[in-house]
Amino acid sequence: MKLTSAQKAEKIREAAEEAIARLMKWEEENGAPNLTQIEDEVLEVRREFGEAIVAVLLEGQEARQPVQAPKCEQCGGEMTYKGRKARWVEGRAGEVAIERGYYYCAHCRSGLFPPGPPT
Ligand SMILES: [Zn+2]
């Protein structure tokens, strides 16, 4: 899905609102948290917000760079497009679900989420 900058900004803003709402709810439910408890909650909220931003930017990036059917690294044959599949990736901003085009080589029975290595 191709998103404009304004649409991406809106999605990130929504994620920020969710993060703030979660923090406010947490604060109401936890009368007098100490510094460590506050830090733990803020780090968790920050991680979720970071994941949301990464997901929005990744989505936009793939829309700009459609992937051509790649060649199989093992046999050199052209791989078959199998549609978009979600793949969970552990990044530095936390875990994000990335929907990518998935390719499969029937000969080698190997799959690929370009531009990543064979899986
Ligand atoms: Zn192959």
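## Basis

The model is predicted: local features need pLDDT of at least 70, side-chain atom pairs count only at pLDDT 80 or more, and totals for chains, interfaces and linings use all residues. Residues are numbered from 1 along each chain as its sequence is written, and side-chain values use heavy atoms, with hydrogens and water left out.

## Helix α1

Helix α1 covers residues 5-29. Helices (H or I, at least four residues) and strands (E, at least two) are DSSP runs, numbered from the N terminus. The expected span is 1.5 Å times one less than the number of residues. For the 25 residues of α1 that gives 36 Å, and the end C-alpha atoms are 36 Å apart, which agrees.

K8, A15, A19 and W26 are the buried residues of α1. Buried means under 20% relative accessible area, exposed over 50%, partly exposed in between (1.4 Å probe, protein chains only).

## Zinc site

Four SG atoms coordinate the zinc ion, from C72, C75, C105 and C108, at 2.3 to 2.4 Å. Donors are N, O and S atoms within 2.8 Å of the metal (3.2 Å for Na, K and Ca). Their spacing along the chain is C-x2-C-x29-C-x2-C. C72 sits in the loop between α2 (35-64) and β1 (80-91), and C108 in the loop between β2 (94-105) and β3 (110-112), 36 residues apart.

The donor angles run from 106 to 115 degrees, so the arrangement is tetrahedral (all angles between 85 and 135 degrees). C72 is buried at 4% relative accessible area. C108 is partly exposed at 23%.

## Residue Q74

Q74 lies in the loop between α2 and β1. Its relative accessibility is 56%, so Q74 counts as exposed. Q74 touches C108 and S110, not counting residues up to four places away in sequence (contact: heavy atoms within 4.5 Å).

Notes
Tetrahedral: all angles 85-135°; square planar, octahedral: opposite > 155°, others 65-115°.
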